[in-house]
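This report walks through selected sites of one model.

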Amino acid sequence: MSESYLVHVAVEAPQHSALSGPLTYRATHPWPAGSVVQVPLGRRVVCGIVWGAAPEAAAEEGAGLALRDVHSGLAGLPPLSDAWRALVQFAAGYYQRGLGEVALAALPPELRKLDDKQLALRLRRAQSMSLVPQGGEPELPPLTPEQQAALDGVDHGGVSLLHGSTGSGKTEVYLRLVARTLAAGRQALVLVPEINLTPQLEERFSARFPGRRIVSLHSGLTPAQRLKHWLAAHLGWADIVLGTRMAVLTPLPRLGLVVVDEEHDPSYKSQEGARYSARDLAVYRGKLEQAAVVLGSATPSLESWYHAQRGRYRRLAMPTRIGGAALPTVRLIDMNHVPREVARTSALSPALLAALGSRLERGEQALVLLNRRGYAPVLHCPDCGWKSGCAHCSAWRVFHRIDRTLRCHHCGACERVPRACPDCGNLDIQPLGRGTERLEEQLAAALPGARIARIDADTTRHKGSLEAQLSSVHAGEVDVLVGTQMLAKGHDFRRVTLVAALNPDAALFSSDFRAGERLFALLMQAAGRAGREAAHSAGSEMLVQTWHPAHPLYQALRAHDYAAFAARTLEEREMAGLPPYAHLALVRAEARTQEAAQAWLLAASEQAERLPEKGGVTLYPPVPSAIARVADVERAQMLVECESRPALQRFLAQWVPGLHALRAEHKGVLRWAVDVDPLAI
Ligand SMILES: Nc1ncnc2c1ncn2[C@@H]1O[C@H](COP(=O)(O)OP(=O)(O)OP(=O)(O)O)[C@@H](O)[C@H]1O
Ligand SMILES: [Zn+2]
């Protein structure tokens with residue numbers, strides 16, 4: 001009989017099946033930890049990752065239950081490293097998910113389907129991926145003193161918070177850091193919020209690193225590309241990985257640097273499965289692998305800012321724009337002074353129209369931001385009061401004029417616009433409020449002859465369309481660009497001298513405690529798109545139409561004073577006992593009825609009361625979620641709060657496993673999940 005070994009294997013078992021640790025299998029081959037294998041699970045054969053050798057005792061425990069055999073494995077794939085497994089193990093524990101779920105989700109799906117022969121072919125392809133062509137020596141701009149100081153600061157290792165104004169040249173700092181990392185024979189991981197928003201970035205990296213191999217990892221790749229790029233990273237053949245949040249779990253044997261650009265961006269927090277924060281995992285990963293971590297932003301998250309103030313992160317400041325360009329003058333347009341008639345019929349105040357007109361005359365570009373796509377957020381009947389509600393959600397259906405549809409932005413339901421009011425037959429149903437489509441129309445009417453373009457999720461659905469639209473903006477073929485917040489992020493527009501935000505007030509009064517922080521970041525970033533070219537920066541402006549010009553948030557914006565905003569907001573958070581002074585988890589439940597969802601949460605909180613050690617954790621009563629019903633499913637949530645992060649972690653580790661069993665007693669509950677460090681509540 002051949003020799004046999006016992007191994008622990010992490011297999012994919014969703015959290016809700018309550019299988020969260022690795023399972024024990026017998027193997028005829030001594031699979032090292034980190035090997036990718038196929039194992040039987042129930043009646044299926046599933047992919048798993050060997051987590052380590054299992055002690056002999058595991059066989060005895062399973063006595064009676066015959067241990068099953070590892071089916072096969074990828075002998076040709078170097079095992080996933082100890083550091084990688086430690087990162088995954090941390091993520092699974094911290095975010096309360098199954099180990100196998102997190103581990104397997106981090107692998108490219110194509111990998112699971114391969115046998116050794118197919119793998120060998122894919123490896124050859126990955127190894128022969130082209131390098132950035134050798135051109136002339138890339139031209140390096142001389143660094144500004146601030147850039148140089150930032151670069152030197154990172155040398156001390158650990159985590160650095162690069163707080164650099166919009167247009168201060170953070171990307172150049174990243175490029176130099178990457179160059180040093182490669183020179184030291186190590187790999188660099190550069191994370192960005194949304195890669196398709198920054199096609200320029202890939203070009204800048206390619207131009208800078210001839211002879212190197214750069215791969216991208218994001219959800220826009222084909223499965224085959226994703227596998228190839230992942231293999232190149234894992235085998236150490238790629239020097240630079242540019243990716244979105246999912247790339248934080250890419251195995252990199254020689255990792256030396258992790259950059260998280262726009263570290264405040266909400267898209268770093270996953271909204272499904274293990275709801276991890278890629279930024280927070282990057283920080284943890286840096287420690288595990290002795291890699292420098294750089295978090296960059298003009299508007300850092302208050303968490304990162306707080307850590308920097310307390311000395312946990314090194315703060316590196318670059319307040320000055322490149323070339324001495326000035327930040328735009330922020331002008332608040334008090335909508336209380338706009339005649340009511342004007343405000344009712346147009347989204348554009350006279351002051352804004354005048355500003356747009358004079359930019360046009362000078363041949364400069366303007367950016368007009370409105371965070372609502374479609375033509376109007378709702379249709380209504382002035383006779384009977386009917387409104388275009390969604391039949392499946394607690395939300396309105398948005399009027400899209402282009403194809404005359406009413407679309408729900410939550411469940412996706414779409415119908416033709418009715419000819420007449422469905423309730424009273426009135427033929428004159430009207431749009432209420434405005435979205436980007438209607439704004440585009442109003443701008444065209446108000447600025448005859450202007451070349452107006454709109455960029456939002458509707459105009460960029462097709463692959464390549466965003467790139468095409470952006471390049472026509474860069475080429476100066478557009479005078480006024482209308483769009484949603486996707487325009488505010490990261491773009492290096494050279495000809496824009498005016499940015500306008502139309503109605504940002506709603507966030508000032510949101511029940512979500514982070515709404516103000518998000519709004520401030522968005523407006524600062526938006527302002528950052530104006531006047532980036534020093535030659536035109538002097539007269540550059542940001543206009544904000546508001547009914548609350550005296551609000552401190554707008555006053556801080558006017559002064560470009562992130563630090564003042566942060567200080568005031570942190571003070572409020574401390575008084576209210578909110579992050580970063582407290583730590584939160586949100587338990588969400590979905591059911592056919594709101595009662596069933598809340599009943600389950602209530603039972604869960606009763607279960608918490610019975611735990612021996614609650615460790616200072618507070619559970620709040622269940623409440624309906626902000627949008628209570630989506631696609632005919634009712635959603636409720638319950639907030640869990642604790643002053644200490646470790647105490648919250650200990651509590652969750654005791655409490656959450658028991659909730660799986662509780663679910664079985666509540667048949668009406670469709671889904672539930674714990675969101676640790678939730679972003680929106
Ligand atoms: N040392 C330098 N000398 C000359 N030009 C530079 C230098 N550093 C950066 N630049 C240029 O300045 C511009 C702004 O830099 P960059 O896009 O890196 O800013 P940023 O800090 O990332 O801004 P944002 O936060 O708004 O995205 C770019 O066009 C870049 O090429
Ligand atoms: Zn809907």
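Cysteine 411 counts as partly exposed, because 18 C-beta neighbours lie inside 10 Å. The model is a predicted one. Cysteine 411 sits in the loop between β17 (405-407) and β18 (414-416). Setting aside residues up to four places away in sequence, cysteine 411 touches Cys390, His392, Cys393, Val630 and Ala631.

An unreviewed UniProt entry annotates Cys390, Cys393, Cys408 and Cys411 as "binding site". These four are spread over 22 residues of sequence, but they cluster in space, with a largest C-alpha distance of 8.8 Å.

Cysteine 393 is in the loop between β15 (378-380) and β16 (398-400). Is cysteine 393 buried or exposed? Cysteine 393 counts as buried, because it has 21 C-beta neighbours inside 10 Å and the threshold for buried is 20 or more. Leaving out residues up to four places away in sequence, cysteine 393 touches Cys408, His410, Cys411, Ile627, Arg629, Val630 and Ala631.

Cysteine 421 lies in the loop between β18 and β19 (430-432). Cysteine 424 is in the loop between β18 and β19 as well. Cysteine 421 counts as partly exposed, with 19 C-beta neighbours inside 10 Å. Cysteine 424 is exposed, because 12 other C-beta atoms lie within 10 Å and exposed stands for 12 or fewer.

Contacts are given here without residues up to four places away in sequence. Cysteine 421 touches Cys381, Asp383, Cys384, Trp386, Asn426 and Ile429. Cysteine 424 touches Cys381, Asp383, Cys384 and Trp386.

The table sets out the neighbour counts.

| Residue | C-beta neighbours inside 10 Å | Class |
|---|---|---|
| Cysteine 393 | 21 neighbours | buried |
| Cysteine 411 | 18 neighbours | partly exposed |
| Cysteine 421 | 19 neighbours | partly exposed |
| Aspartate 115 | 12 neighbours | exposed |

**A loop residue**

Aspartate 115 is in the loop between α3 (99-105) and α4 (116-127). Aspartate 115 counts as exposed, because 12 C-beta neighbours lie inside 10 Å. Aspartate 115 and leucine 74 are 41 residues apart in sequence, and their C-alpha atoms are 6.4 Å apart in space.

**A helix pair**

Two packed helices are described by the angle between their axes and the distance between the axes. At what angle do α2 and α9 cross? The axes of α2 (residues 82-94) and α9 (residues 278-288) cross at roughly 145° and come within 10 Å. Their crossing is right-handed. From α2, the contact takes in Ala83, Ala86, Leu87, Phe90 and Ala91. From α9, it takes in Leu281, Tyr284, Arg285 and Leu288. By type, the contact residues are 8 nonpolar, no polar and 1 charged.

**The ligand shell**

Ligand 1 is surrounded by 18 residues. The closest are Pro141, Thr166, Gly169, Lys170 and Thr171. Helix α6 (residues 170-183) gives the largest share of the shell, 3 residues. The shell divides into 5 nonpolar, 10 polar and 3 charged residues.

Definitions and conventions. Residues numbered from 1 in each chain as written. Chains lettered and ligands numbered in written order. Predicted model: local features only at pLDDT ≥ 70, side-chain atom pairs only at ≥ 80, totals over all residues. UniProt positions renumbered as here; feature names shortened; annotations may be inferred. Helix = DSSP H or I, 4+ residues; strand = E, 2+ residues; numbered from the N terminus. Contact = placed C-beta atoms within 7 Å. Axes fitted to C-alpha atoms, helices over the stretch in contact; angles between N-to-C directions. Left-handed = near helix turned anticlockwise from the far one by under 90°. Nonpolar A, V, L, I, M, F, W, Y, C, P; charged D, E, K, R; others polar. Near = placed C-beta within 6 Å.
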